[in-house]
Amino acid sequence: MEKLNILLCCGAGMSSGFLAQQMRGAAKKQGIMAKVEAKSQNNIADDLPKTDILLIGPHLSYAFEELKAMCDPYAVPVLII
């Protein structure tokens, strides 16, 4: 089974670090191999080629279309959590 690469994004990357840790634990309990990284909104472009899904905090919903346009060339889905 291949590892799922999840990129979690909030405004500054601080609160998403805690959430990423919780997500890693939840994935492990369910037998899902996942790498969950937390990044700030300004630092996600470099990671998109190796990302399977981008999750963004609800406070970034205003940037959804911009982030989706950034992710589309890599076929990376974007979801608001």
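Colleague: In which elements of the protein chain is confidence lowest and highest?

Modeller: Confidence is lowest in helix α1 (residues 14-29), at a mean of 86, and highest in strand β4 (residues 78-80), at 96. This is a predicted model, and the mean pLDDT of the protein chain is 89. Of its residues, 94% reach 70 or more.

Colleague: Why does pLDDT matter to a reader of the coordinates?

Modeller: Where pLDDT is low, the predicted coordinates should not be read in detail.

Colleague: How many salt bridges does a search of the whole structure find?

Modeller: The search finds four. Among them is the pair K39 and D47.

Colleague: Why is the contact of K39 and D47 called a salt bridge?

Modeller: The distance from N to O is 3.1 Å. The cut-off is within 4 Å, so the contact of K39 and D47 qualifies.

Colleague: What about K68 and D72?

Modeller: The side chains of K68 and D72 also meet in a salt bridge, with 3.2 Å from N to O. K68 has a relative accessible area of 32%, and D72 has 42% relative accessibility. Both values fall between 20% and 50%, so K68 and D72 are partly exposed.

Colleague: Which residues do salt bridges with shared partners join into one network?

Modeller: K39, D47 and K50 are joined in this way.

Colleague: Where is L60, and why is L60 called buried?

Modeller: L60 sits in the loop between β3 (53-56) and α2 (64-71). Its relative accessibility is 2%, which is under 20%, so L60 counts as buried.

Colleague: What separates the C-alpha atoms of L60 and N42?

Modeller: The separation is 12 Å, for residues that are 18 residues apart along the chain.

Notes
Residues are numbered from 1 along each chain as its sequence is written. This is a predicted model: local features need pLDDT of at least 70, side-chain atom pairs count only at pLDDT 80 or more; totals for chains, interfaces and linings use all residues. Side-chain values use heavy atoms; hydrogens and water are left out. Buried means under 20% relative accessible area, exposed over 50%, partly exposed in between (1.4 Å probe, protein chains only). Helices (H or I, at least four residues) and strands (E, at least two) are DSSP runs, numbered from the N terminus. pLDDT is the predictor's confidence in each residue, from 0 to 100.
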